[in-house]
Amino acid sequence: FTALTIGAGFKGGEIVPSLTIGAALGCVIAPLFGLDVTLAAAMGMIGVFCGVTNSPITSLLIAFELFGYEAMPWFLTTVAVTYMLSGYHSLYREQRFAESKTETGGRGGIPD
């Protein structure tokens, strides 16, 4: 429904739709990996949020605030993977990356 609403031209929010899409994705793929549906929905929410915002620390804090610390290893893994796969693009155009995600010495030739 989120995709249909935004596709129809409604200017909605940025964060809540990404959380909703992530939770739906987690629920769909949970049986494929043999995970608990609620855990997979939480991981999907946090993973998609981290992927679209490129903000791993914020993503972890939201995960801990919403779901507690019991699933911390799952959240840490989800955030690490999605952050590395998300590249240098973000939902926010003003966001700048001070260092390269893959190289330890500077930005690795990435233009400003």
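Is asparagine 54 buried or exposed? In this predicted model, in which local features need pLDDT of at least 70, side-chain atom pairs count only at pLDDT 80 or more, and totals for chains, interfaces and linings use all residues, asparagine 54 counts as buried, at 3% relative accessibility, where buried means under 20% relative accessible area, exposed over 50%, and partly exposed in between, for a 1.4 Å probe and protein chains only. Residues are numbered from 1 along each chain as its sequence is written, and side-chain values use heavy atoms, with hydrogens and water left out. Asparagine 54 lies in the loop between helix 3 and helix 4 (56-67), and its phi is near 55 degrees, a positive value in a residue other than glycine.

The protein has five helices and zero strands, helices (H or I, at least four residues) and strands (E, at least two) being DSSP runs numbered from the N terminus. Along the sequence the pattern reads α-α-α-α-α. Of the 112 residues, 31% count as buried. Among the contacts with a separation of 6 or more, 41% come from residues 24 or more positions apart, a contact being heavy atoms within 4.5 Å. Helix 1 (residues 2-7) contains isoleucine 6, which counts as partly exposed at 43% relative accessibility. Isoleucine 6 and proline 17 are 11 residues apart in sequence, and their C-alpha atoms are 9.3 Å apart in space.

The largest pocket has a volume of about 310 Å³. Grid points are joined across faces, edges and corners, and a volume is the space filled by probe spheres set on the points. The largest pocket is lined by 15 residues, of which Ile29, Ala40, Met43, Gly44 and Thr78 are the closest to its centre. Helix 2 (15-33), helix 3 (37-53) and helix 5 (72-85) are the elements that give two or more residues to this lining. By class, the lining has nine nonpolar, six polar and no charged residues, with Ala, Val, Leu, Ile, Met, Phe, Trp, Tyr, Cys and Pro taken as nonpolar, Asp, Glu, Lys and Arg as charged, and the others, Gly among them, as polar.

Two aromatic pairs are present in the structure. Phenylalanine 64 and tyrosine 69 form a tilted pair, at 4.9 Å centre to centre and with 35 degrees between the planes; rings of Phe, Tyr and Trp (its six-membered ring) pair if their centres lie within 6.5 Å, and planes under 30 degrees apart count as stacked, over 60 as edge-to-face and the rest as tilted. Phenylalanine 64 is buried, at 14% relative accessibility, whereas tyrosine 69 is exposed, at 54%. Phenylalanine 67 and phenylalanine 75 form a tilted pair, with 5.9 Å between centres and 40 degrees between planes. Phenylalanine 67 is partly exposed, with a relative accessible area of 32%, while phenylalanine 75 is buried, with a value of 1%.

With a disulfide taken as a pair of cysteine sulfur atoms within 2.5 Å, the count comes to zero. Cysteine 27 is partly exposed, with a relative accessible area of 36%, and cysteine 50 is buried, at 0%.

How values were computed
On a 1 Å grid over the protein atoms alone, a cavity is a set of points where a 1.4 Å probe fits but cannot get out, and a pocket is an open set with protein on both sides within 12 Å along at least five of seven lines; lining residues have an atom within 4 Å of a point.
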